[in-house]
Amino acid sequence: MGDTAITKTTTAEPVTAAGPVTTAEPVMVTGPVTTADPVTVTTAEPGKATGPLTTAEPVTVTTAEPVKATGPVKATVTTAGPGAPGPSRTAHAAALPVASPGASPATTEPAPGMRPAPGTPGPATPPAPGIPSAAGAPSPTSAPAATATPTSPLPTPRRAAGSARAEEAAPPAAREGKGQPAAARPGRADGEPDGPADAATTTPHDPCAHGFLPERPPVRSLIGTWTRLDAMARAAAVAPDREAAVALVERAHRADELAALRQRVSRLSLRNAEAAAMRIAVIAVSCGWCGVDPQAPAAREVANEAFLDLWAAIAHRIGHDQFVALPTLALHNWAPERKPRRHIPIDQLARTETLVPIVRWAPEGQPLSRLDRLMLAATRLEAHGIWLFRLAETLAGRSPDDSSTPTALRRLVRVQHALRAQLLAEAAELAAAPATPQQRAVLGALAGQGALEPPVLQAADAVLGIGARRLREGRRQLLRRHLPAQHRAWLSAMDRHCAPVRTLAHRGGPDAAVYREAQESLIALRRTYTALVHAAARPTEAPLTRAA
């Protein structure tokens, strides 16, 4: 082993030595040092080991202070420090400040995260890992690292340090987190941060939490370019007839507003996409396109092509094709009249607060129309029906002979009676509200498509089996097509899990009597809701400007 020039070396990375190490200047080592040959260590402070140290295995030395040694230096440096994942990469000598005796030290910029080398020798270092201390106790060792040569004249590759190193080691998906601005992350619209609304796409739906209501209150107003859709929906809702509503769409098409919105659909968050879907539904029913399939070739002959493209893009974004129905027009078109002072569950918010529509079917400054009140009544019905969803979960999978089954059925009867009483109270205000021929035409079109069925009544039907006869099974699926996929899946699961309870219909005894009472209360509830719809569609002689 030939001698080399006495050098001063400072490194923040692991150092691997292949032979004796002798230096006349301090050597700063902050990473593991591995040697395969005898090592001679000389220190100027008492209590430190002096003399050869022979090991049969590589020795890893980690120091935070200068180490003084004498003798030739043959060392290699690796870039894989503690905690660095993956294969190690070569580091070059230019990253280390090197000085020869009698010459001024070379000035090189230390690597990121490494302390500059001190000008004078510091105090003696503590025992290195793997080397016995004065007390005879060995220091802990760290993992050996791969090797590379420190004498290369090539420039030093850039090395990440601190949080940058952690980000470099992380997978690409971990880098797209909260550190990015909201506008730069996918799934955002106009910089609005996304909340639990996107989480609903990856987690199973739990109707026991809030029924079929949205997880958060609907978006009151869209922002950015989407304000054009907001304004178009509000204008179409108060249009005097279908021709006026279609003219609004044609005007937006000529101004290239529909094409501009179509290009921005993919950047909408799920919550904003649902808000946009509600406005698309308002425009579609106002124009008389309630039963149109936006992706069908025949639809191009009926509706505006650019609007159909926007409609289909929104349907693809929310994963629901048949959304032009009451679940979208009612459950995503309400807001509390005043902001509550504290956070409360959404079903409690819809039950206890005064609700107002986001897109009004009546002009601003005038009383709410019958169509407005019908949609708000359906929303409150869903909020009060949260107990029905919870009882459905209780009855799912229960045996008809279980002692808890008749108890749950009795509670179901009481809930359905309460829902019917609520609808009767809503009917008085609805009958006194004004209505226009255009609003009655919208109601008639929705009723003709079977798009006015409240989801809570469909949930009760899945439990009790009303309408489950073979001849009406197609009608049941026709009603469910207007619900999102996760809601349809829940109803199908209730059909299967509550089948044992429905066998009480063919039995006798007190438990079967309770079951039939629950069926009768559901039939009465459905008839009351149908009467409410008929009252909303009934012609009225009251002018629209008349105070409620």
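The expected span of a helix is taken as 1.5 Å times one less than its number of residues, and helices (H or I, at least four residues) and strands (E, at least two) are DSSP runs numbered from the N terminus. On this basis the 13 residues of helix 18 (residues 485-497) should span 18 Å at 1.5 Å a residue, which agrees with the 18 Å between its end C-alpha atoms. The structure is a predicted model, in which local features need pLDDT of at least 70 and side-chain atom pairs count only at pLDDT 80 or more, whereas totals for chains, interfaces and linings use all residues. Residues are numbered from 1 along each chain as its sequence is written, and side-chain values use heavy atoms, with hydrogens and water left out.

The protein contains 20 helices and 11 strands. Of its 548 residues, 45% are buried (under 20% relative accessible area, with exposed meaning over 50% and partly exposed in between, for a 1.4 Å probe and protein chains only). Contact denotes heavy atoms within 4.5 Å. Among contacts between residues at least 6 apart in sequence, 74% join residues at least 24 apart.

In helix 18, the buried residues are His487, Trp490, Leu491, Ala493, Met494 and Asp495. For helix 8 (residues 270-286), the 17 residues should span 24 Å at 1.5 Å a residue, in agreement with end C-alpha atoms 24 Å apart. Helix 8 is largely enclosed by the rest of the structure, because 16 of its 17 residues are buried. Just after helix 8, Gly288 adopts a positive phi of about 80 degrees.

Pro455 lies in helix 16 and counts as buried because its relative accessibility is 0%. Beyond its neighbours within four places in sequence, Pro455 contacts Phe212, Leu326, Pro327, Leu331, Glu382 and Leu483. Pro455 and Glu382 are separated by 73 residues in sequence, while their C-alpha atoms are 7.4 Å apart in space. Gln458 is likewise located in helix 16 (residues 455-464) and is buried, at a relative accessible area of 5%. With neighbours within four places in sequence again left aside, the contacts of Gln458 are Glu453, Leu479, Arg480, Leu483 and Leu491.

The packing of helix 16 was then considered. Two packed helices are described by the angle between their axes and the distance between the axes. Axes are lines fitted to C-alpha atoms, for helices over the stretch in contact, and angles run from 0 to 180 degrees between N-to-C directions. Helix 16 and helix 20 (residues 510-537) pack at about 155 degrees with axes 11 Å apart. The two helices are therefore roughly antiparallel (over 145 degrees; angles under 35 count as roughly parallel, 65 to 115 as roughly perpendicular and the rest as oblique). Their crossing is left-handed, a term used if the near helix is turned anticlockwise from the far one by less than a right angle, right-handed being clockwise. Leu457, Ala460, Asp461 and Leu464 of helix 16 meet Tyr515, Ala518, Gln519, Leu522, Leu525, Arg526 and Tyr529 of helix 20. These residues comprise eight nonpolar, one polar and two charged (Ala, Val, Leu, Ile, Met, Phe, Trp, Tyr, Cys and Pro count as nonpolar, Asp, Glu, Lys and Arg as charged, and the others, Gly among them, as polar).

The axes of helix 14 (residues 404-432) and helix 16 come within 13 Å and cross at roughly 155 degrees, making helix 14 roughly antiparallel to helix 16. The crossing of helix 14 and helix 16 is left-handed. Leu409, Leu412, Gln416 and Leu419 of helix 14 form the contact with Val456, Ala460, Val463 and Leu464 of helix 16. By class, the contact of helix 14 with helix 16 has seven nonpolar, one polar and no charged residues.
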